[in-house]
Amino acid sequence: MVTEGKRNTIARYRKKNPDKIKEIRTRHRIKLKRDAVEAYGGKCRCCSEEQLAFLTIEHGNRDGSAHRELLGKNIRGTNFYAWLRKNGYPDDLGLQVLCANCQFATWSGECPHVTSHLPSLSSQTPE
Ligand SMILES: [Zn+2]
Ligand SMILES: [Zn+2]
């Protein structure tokens with residue numbers, strides 16, 4: 001009956017402190033992410049953004065077999081960071097840290113941070 005009582009205590013604690021449980025989960029998630037980002041350079045590879053909230057870990061080599069293997073496992077988000085930690089942050093997967101801006105931009109080509117020396121469309125004078 002001790003276990004039953006204990007289980008009830010935990011259930012009651014969860015019910016009374018939903019915010020607390022959420023906070024613990026969030027903190028765990030942030031720590032997993034921070035550790036992973038640190039392991040892969042700690043800042044955006046392109047613009048050196050260091051705000052964790054903006055950073056993501058991107059598969060640099062999207063055609064690589066390692067990438068396909070990762071996709072096959074269908075792990076993303078926190079599970080992805082947890083997986084990386086479990087595997088000792090492997091450096092042969094072509095992973096790199098990018099901020100949301102640069103990641104978004106590189107999906108459709110080069111990031112403007114890289115191509116900004118080219119004349120932009122808006123500054124072109126009509127003929
Ligand atoms: Zn960036
Ligand atoms: Zn960039």
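## Report on the predicted chain

Y89 is found in the loop between helix 4 and strand 2, where helices (H or I, at least four residues) and strands (E, at least two) are DSSP runs numbered from the N terminus. The model is a predicted one, in which local features need pLDDT of at least 70 and side-chain atom pairs count only at pLDDT 80 or more, while totals for chains, interfaces and linings use all residues. Residues are numbered from 1 along each chain as its sequence is written, and chains are lettered from A and ligands numbered from 1 in the order in which they are written.

**Overall organisation**

The chain contains 6 helices and 2 strands, and their order from the N terminus is α-α-β-α-α-β-α-α. Of its 127 residues, 13% count as buried; a residue is buried if 20 or more other C-beta atoms lie within 10 Å of its own, exposed if 12 or fewer, and partly exposed in between, with C-beta atoms placed from the backbone. Two residues are in contact if their C-beta atoms, placed in that way, lie within 7 Å. Among contacts in the chain with a separation of 6 or more, 72% join residues 24 or more positions apart.

**Nonpolar core**

The largest nonpolar core has 14 residues, and C44, V97, L98 and C102 have the most contacts inside it. Such a core is a set of buried Ala, Val, Leu, Ile, Met, Phe, Trp, Tyr and Cys residues joined through C-beta atoms within 7 Å. Strand 1 (55–59), helix 4 (77–86) and strand 2 (95–99) each supply at least two residues of this core, the largest share, 4 residues, coming from strand 2.

L98 lies in strand 2 and is buried, with 25 other C-beta atoms within 10 Å. Beyond four places in sequence, the contacts of L98 are C44, R45, C46, T56, E58 and Q103. C102, with residues up to four places away again not counted, touches C44, C46, C47, C111 and H113.

**Packing of helix 2 and helix 4**

The axes of helix 2 (residues 18–39) and helix 4 come within 9 Å and cross at roughly 55°. Helix 2 is therefore oblique to helix 4. On the side of helix 2, R29, L32, K33, D35 and A36 take part, meeting T78, Y81, A82, L84 and R85 of helix 4. By class, this contact has 5 nonpolar, 1 polar and 4 charged residues; Ala, Val, Leu, Ile, Met, Phe, Trp, Tyr, Cys and Pro count as nonpolar, Asp, Glu, Lys and Arg as charged, and the others, Gly among them, as polar.

Most residues other than glycine have a negative phi. Phi of S48, however, is near 65°, and Y89 has a positive phi of about 50°. S48 is found in the loop between helix 2 and strand 1 and is exposed, with 12 other C-beta atoms within 10 Å. Y89 is partly exposed, with 16 other C-beta atoms within 10 Å.

E49 also lies in the loop between helix 2 and strand 1 and counts as partly exposed, with 18 C-beta neighbours inside 10 Å. Leaving aside neighbours within four places in sequence, E49 is in contact with K43, C44, F54, L55 and C99.

| Pair | Separation in sequence | C-alpha to C-alpha distance |
|---|---|---|
| E49 and A100 | 51 residues | 9.7 Å |
| L98 and G42 | 56 residues | 9.5 Å |

Note on methods: Axes are lines fitted to C-alpha atoms, for helices over the stretch in contact, and angles run from 0 to 180 degrees between N-to-C directions. Angles under 35 degrees count as roughly parallel, over 145 as roughly antiparallel, 65 to 115 as roughly perpendicular and the rest as oblique.
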